[in-house]
Amino acid sequence: MSLDVAALCDDHAGMISQPYQLYVERTDPAKNMARYYAMEIGPTMFGEACLTRRWGRIGKRGQEKQHVSEREEEAVRLFLDLVKQKRARGYRPRATLRYFQS
């Protein structure tokens with residue numbers, strides 16, 4: 001592309017169409033298991049879609065891995081596949097504690 005020619009600018013080309021975030025946990029006191037798994041999709045500096053995964057023991061830093069995709073659809077497909085895998089392994093949304101005033 002020549003810099004002398006006016007280029008059409010699409011402001012939404014590098015933006016993620018909607019937020020994709022997940023935080024799930026898997027606990028089993030009998031096995032001393034307390035794990036978390038978190039994922040989110042966000043844009044990179046260059047407009048690509050980046051799926052960031054974090055996992056480890058609850059309360060610890062754990063590990064992180066990033067998957068960069070040219071298209072958002074690829075990142076979303078991987079996100080949904082991982083959600084299915086984690087649900088099959090017993091990961092569930094964190095149980096929230098509610099405090100009621102009496």
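Is Arg71 buried, exposed or partly exposed? Arg71 counts as partly exposed, at 47% relative accessibility (buried is under 20% relative accessible area, exposed over 50%, partly exposed in between, with a 1.4 Å probe and protein chains only).

1. Basis of the note. This is a predicted model, in which local features need pLDDT of at least 70 and side-chain atom pairs count only at pLDDT 80 or more, while totals for chains, interfaces and linings use all residues. Residues are numbered from 1 along each chain as its sequence is written, and side-chain values use heavy atoms, with hydrogens and water left out.

2. Salt bridges in total. The structure holds three salt bridges (a side-chain nitrogen of Lys or Arg within 4 Å of a carboxyl oxygen of Asp or Glu). Side chains of opposite charge can pair when their charged atoms come close.

3. Arg71 and Glu73. The side chains of Arg71 and Glu73 form a salt bridge with an N to O distance of 3.5 Å. Glu73 is partly exposed, at 43% relative accessibility.

4. Glu40 and Arg54. A salt bridge joins the side chains of Glu40 and Arg54, at 3.5 Å from N to O. This pair links distant parts of the chain, with Glu40 in strand β2 and Arg54 in strand β3, 14 residues apart. Helices (H or I, at least four residues) and strands (E, at least two) are DSSP runs, numbered from the N terminus. Glu40 counts as partly exposed, at 30% relative accessibility, and Arg54 counts as partly exposed at 30%.

5. Arg54 and Glu64. The side chain of Arg54 also meets that of Glu64 in a salt bridge, at 3.1 Å from N to O. Here too the pair links distant parts of the chain: Arg54 lies in strand β3 and Glu64 in strand β4 (residues 63-69), ten residues apart. Glu64 is partly exposed, with a relative accessible area of 46%.

6. Strands β3 and β4. These two strands pair in the antiparallel sense over seven bridges (strands pair if DSSP finds at least two bridges between them). Their hairpin has five residues between the strands, and Gly59 in this hairpin takes a positive phi near 95 degrees.

7. Thr52. Which residue of β4 is the bridge partner of Thr52? The partner is Gln66. Thr52 itself sits in strand β3 (residues 49-57) and is buried, with a relative accessible area of 7%. Leaving aside neighbours within four places in sequence, Thr52 is in contact with Ala38, Met39, Glu40, Glu64, Lys65 and Gln66 (contact means heavy atoms within 4.5 Å).

8. Glu48. This residue is placed in the loop between β2 (33-43) and β3, and counts as partly exposed at 27% relative accessibility. Not counting residues up to four places away in sequence, Glu48 touches Gly42, Pro43, Val68 and Ser69. The C-alpha atoms of Glu48 and Val68 are separated by 6.7 Å, although the two residues are 20 apart along the chain.

9. Asn32. Asn32 has a positive phi of about 55 degrees although it is not a glycine. Its place is in the loop between β1 (20-28) and β2. Asn32 is exposed, with a relative accessible area of 55%.
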